Amino acid sequence: MFEASLNELEKRLRSRFEHLSIVRDAPMARYTTLHLGGPADMLVQPDDPEQVRQTLMEAHALEIPVIMVGNGSNLLVRDGGIRGLVIRLCRNMQDIEISGDRIRVQAGTMMSTLSGAAADAHLGGLTFASGIPGTVGGGVYMNAGAYGGEMSQVVTLVEGFNMVGEPFRYGRPDMKFAHRKTRLMKEQKIITHVTFQLPQGKREELLAEMVDYNTRRADKQPLTQFSAGSTFKRPPEGYASQMIDECGLKGCTIGGAQVSEKHAGFLINKGGTAADFLALMAHVQRVVHEHKGVMLEPEVRILGEDAPVKAV
């Protein structure tokens, strides 16, 4: 029954949008920086907001569950994959419009691209985002930040659709920004555009600041290995990476997952499975709680279902 609904969804979308990218049994490991995860039943990569709206409307009509992803840089998909439809906005929706001190961008724009475009226009406020390996949509969705900067500081308007294709427009106060959190995480809305209001700056100084941040990031973080960035949120009591390090967990390994020896806040994939990664996360949480009295909260977004148990 569910397969018939997916077939009908694909039929409707292909009849309406000839060049829309639709992938069945899409290997989600290919679409995440962790390189982990089983297949999604269907993955659609829209080229414009109208394709997003129509896809949501058709999926709703056919009662197919929908999940939204960006570059997959903060995402762990379980080994059993994702049932239903995944809509991926990344690089195929990255128009940038600059007017004075305002920039309106499509959600698939990479954060690094946005930072560079702002600097070229002599606009500051986004240098912190130059090394974040995600999309603008994903960055706003989770209020991404680094080096003292956060998306909440510069966002003025967020536009998109709810899961039935109805439009929404949220100003900064509406977003309920908090540390690595926004209201969209509960409402499951899909961002298509974000508008920023930025301070004036000098291009050369902004670019130099971006180089400095990215150099520091490369020195401290395991950028050459598969990860989802910081695995745990910063707790009120201090820093997750420091606590993990002080518990002697650097280099701790379960299967093909390891606590980075370079930065304890990063758990990396060295050829394992999502189950390995989840087991290591749980182990780190347990040890830190035992020794520090703090329960670390995952920053990585976890989706999908576990692989079925095989009969022996």
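**Exercise 1.** Is Leu13 buried or exposed?

*Solution.* The structure is a predicted model, in which local features need pLDDT of at least 70, side-chain atom pairs count only at pLDDT 80 or more, and totals for chains, interfaces and linings use all residues. Residues are numbered from 1 along each chain as its sequence is written, and side-chain values use heavy atoms, with hydrogens and water left out. Buried means under 20% relative accessible area, exposed over 50%, and partly exposed in between (1.4 Å probe, protein chains only). Leu13 has a relative accessible area of 1%, so Leu13 is buried. Leaving aside residues up to four places away in sequence, Leu13 touches Leu20, Ile22, Val44, Thr55 and Glu58; contact means heavy atoms within 4.5 Å.

**Exercise 2.** Determine which residues of helix 1 are buried.

*Solution.* Helices are DSSP runs of H or I with at least four residues, and strands are runs of E with at least two, numbered from the N terminus. In helix 1, the buried residues are Ser5, Leu6, Leu9, Glu10 and Leu13. Viewed down the helix axis, these buried residues fall within an arc of 135 degrees (taken from the directions from the axis to the C-beta atoms), so they line one face of helix 1. On the other side of helix 1, Lys11 and Ser15 are exposed.

**Exercise 3.** Identify the partners of this buried face.

*Solution.* The buried residues of helix 1 pack against strand 1 (21–27), strand 2 (39–45), helix 2 (49–61) and strand 5 (82–88).
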